[in-house]
Amino acid sequence: MDAVPDSVLVVDDDDRIRASLRLALEDNGYRVIDAADAESALELIARDVPDIVLLDLMLPGIDGFECCRRIRREHDMPILVVSARADSHDVVAGLEAGADDYIRKPFDMPELT
């Protein structure tokens, strides 16, 4: 990730997490789009490809692992898994699904930005 991303897609089913990430990222100059589920995220990406995706794993419907695989089949933008699932199996599975990195919740905003 050499270039600083301009647009960030936040995919998380928790409204409070999406809202707090939006505020923090916008305060740091990013354009933020968000989705509460994988289906919505994939539709957004089809219309407006973001520079980077912040993806939770525990989503309703299509889970984050499958969402990551679907994004990766079509696009090469960085995907960061941001999840409370901290088991090493989940980290490896996320990276094998196509994620570029894995950040465990809770996290410090400076770490993310």
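In which sense do strand 4 and strand 5 pair, and over how many bridges? I looked this up first. Strand 4 (residues 79-83) and strand 5 (residues 101-104) run parallel and share four bridges; strands count as paired if DSSP finds at least two bridges between them. Helices (H or I, at least four residues) and strands (E, at least two) are DSSP runs, numbered from the N terminus.

I note that this is a predicted model, where local features need pLDDT of at least 70, side-chain atom pairs count only at pLDDT 80 or more, and totals for chains, interfaces and linings use all residues. Residues are numbered from 1 along each chain as its sequence is written, and side-chain values use heavy atoms, with hydrogens and water left out.

I found Val81 opposite Tyr102 of strand 5.

Next I turned to helix 3. Within helix 3 (residues 64-74), I list Gly64, Phe65, Cys67, Cys68 and Ile71 as buried (under 20% relative accessible area; exposed is over 50%, partly exposed in between, with a 1.4 Å probe and protein chains only). Seen down the helix axis, these buried residues fall within an arc of 160°, so they line one face of helix 3; the arc is taken from the directions from the helix axis to the C-beta atoms. Arg73 and Glu74 are exposed on the face turned away from the buried side.

I then looked for disulfides (pairs of cysteine sulfur atoms within 2.5 Å) and found zero. The sulfur of Cys67 has that of Cys68 as its nearest cysteine sulfur, 7.4 Å away. Cys67 has a relative accessible area of 0%, and Cys68 has 1%.
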